[in-house]
Amino acid sequence: MTDLLITGARLLDPATRLDAQGGLLVRDGRIAALGPGLAGPEGIPRLDAAGLCLAPGLVDLRASLGEPGAEHRETIASAAEAAAAGGITTLCVLPDSDPPLDDPALIGFIARRGEATGSVTLLPWGAATAGCAGGEIAEYGLLREAGAIGFTDGQRAIASARTMRLALSYARAFGAMVAQHPEEPSLAAGGAATEGELATRLGLPGIPAAAESILVARDIALARLTGGHVHFAHVSTAEALELIRRAKDEGLHVTCDTAPPYFDLNETAIGEYRTYAKLSPPLRTEADRLAVVAALRDGTVDAIASDHQPRDTDDKRLPFAQAAAGGAGLSTLLAVTLARVHAGDIGLLDALALLTERPARLIGAPAGRLAPGLPADLVLFDPERAWKIEAGKLPGKAQNTPFDGRAVEGRVIATFKAGRRVF
Amino acid sequence: MMLPARHLLAIEGLHQTAIAGLLDLAESYLLLNRSGKTQRDLLKGRTLINLFFEDSTRTRTSFELAGKRLGADVINMSVSTSSVNKGETLLDTAATLNAMNCDLLVVRHGQSGAPALLAQKVDAAVINAGDGTHEHPTQALLDALTIRRAKGRIEGLTVAICGDVAHSRVARSNLHCLTALNARVRLIGPPTLMPAEVARLGAEVFHDMAEGLKGADVVMMLRLQRERMSGGQVPSAREFFRFYGLDAQKLGLAAPDAIVMHPGPMNRGVEIDSAVADDPARSVIAEQVEMGVAVRMAVLDILARQQPRLA
């Protein structure tokens, strides 16, 4: 079995607020001990990590994979390669694939495909409604037994208030959350960019920012009504974040995540019709970006997810409004998050918490912490090393990064899954 | 004179001097056309392709005539919309055009940004002949020339653009063009047909037509895209005409010598009354068509001169 001693690293564990020089011992693929001055037994492989940070492997709360259904965009193997390069060791897979993950057998299939990669644990979200089509609620009990971490229709909003009510209500029986893509569909239909001056200049159909806050407000009211746990995905507007902040203060079971594009980019990234920056929800104004940064800092946001959506050139080399929305995000998740640390917007441990311990806690996964007994899922990174994100040169198949050309500081040096080096 | 890029994709970003230079050159072509002379050696041996993904008689014919008057070989390619909603076809088309050694490519497309996408892939100089709800630069130039000839100037004039501004590339290009030339632009229409935050592009927005027309030197009517009606943005044609259609009575609120413009084709009785459209004392709609050919000759001339391969 896998044994390893990592020495001289800066140990970072957000759960215990540990930030100290030291070593970490892996025995049989699990963390055996860690701390300053850890010597460890003789005769096992050693890795000198002087000058590097050692943190729990990242837990990515939301990613779509091309497989099953769109293997021309990405396979689980290629996604696993990108995840490992990004320091991600646990990845929660959205269910709006083809076929959608609305059957217990498919949930098991995804989990097994993850095990087969040897580098990343895949935890499937179950479909909130049959076929992710927005109609009847799916078999939450059976899906939960099979391993579903929660329920969502992925990139599709659960449009009907009645369906959402039933979903939140029924999911309580199985202690599961329902995650919403918060975008009022009738306001968002046909839209390609955030409504406003830029969309007007470019002649693009707009989606008002209120499309997000309207659905957030409705679903908070439904959480209050049902006592259910609603989770809002990739929240991107000041107004929605303020509603979530108030709901949390009220004590409702409301959580949310956001994704790097929403705190690193604003709508100007779509200038000149750059389709790689076409996302769903669309990139917002600078004021909204700043509100997302503030929400990272004050704890309103519970997790940073990659929001990875693989697209190929056929999806993207189209007139802007016809191009597919979505950005690749696995391999850039840590680096773009660290940009907020370097900018002084958020502390290093707090940023890592949003990538590890907090999403792990949300889904109840034994991951995201440096604790003896847990699997040795680890990421070793150099927070200062500079590199440039370039579409076409990213690990994995999906190259549709909205950060194309962005210079970042912070690079994954090694990723370990159960103590085995996978990157 | 020079344009800042080898394509003409938009008015936005063009400097006042570049626009004025284009208008001056167009005016010289206008006089040439009226004199009955031609200049068929200028684009001799050059290929102009009119690539129209949306139906248009007026603009395509205007470009065709402009190209032929300068001696270019002109080819019209109409691509039926049904087969080209896929962009791969758009880029395939670009590859085909490159293989044909096309020099000047005039593109109309239903999607904003489609000519810009093509421009990245073709060797030819690309002229945007209207893309989605983005821009229609040669329309704005011909409108500016029409105004300049009718009024003797553009600076300081008040131009009221009325109707379906939200879906109008003509309105956007005119707004950029006229504000660059220091005219005051008013946009008039119901809030449901007004694009978001359009005032930040330098216009004054009115929802009351009587208010917006007051003292205007130029009244530019836009075509109401009838298909928008089904989107419920206005309840009916008769209601639209009542509040935003131009008739003699409403025109009476504008300056006494105000001119009336329309990019065509007109919906008579929807946005404009025939009595106004056909009034020779006020309507310059026919002149707009004439200016169109001259302006397009100027644009083809300048872009051909700027294209390295043609120099």
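View 1. Glu197(B) is partly exposed, with 39% relative accessibility (buried means under 20% relative accessible area, exposed over 50%, partly exposed in between, with a 1.4 Å probe and protein chains only). Its partner in a salt bridge is Arg200(B), with the closest N and O atoms 3.0 Å apart (a salt bridge is a side-chain nitrogen of Lys or Arg within 4 Å of a carboxyl oxygen of Asp or Glu). Arg200(B) is exposed, at 55%. A network of salt bridges links Glu197(B) and Arg200(B) with Glu197(A), Arg201(A) and Glu12(B).

This is a predicted model: local features need pLDDT of at least 70, side-chain atom pairs count only at pLDDT 80 or more, and totals for chains, interfaces and linings use all residues. Residues are numbered from 1 along each chain as its sequence is written, chains are lettered from A and ligands numbered from 1 in the order in which they are written, and side-chain values use heavy atoms, leaving out hydrogens and water.

**View 2. The salt bridge between Arg305(B) and Asp301(B)**. Here the closest N and O atoms are 2.7 Å apart. Arg305(B) is exposed, at 52%, whereas Asp301(B) is buried, at 2%.

**View 3. The salt bridge between Arg245(A) and Glu242(A)**. Look for the N to O distance of 2.7 Å. Both residues are partly exposed: Arg245(A) at 22% and Glu242(A) at 31%.

**View 4. Gln399(A) and its surroundings.** Gln399(A) is buried, at 15%. Its side chain reaches the backbone oxygen of Leu394(A) at 2.8 Å, and a polar atom of that side chain lies 3.2 Å from the backbone nitrogen of Lys393(A).

Methods
Polar contact = N/O pair within 3.5 Å; in protein donor to acceptor, adjacent residues only side chain to side chain.
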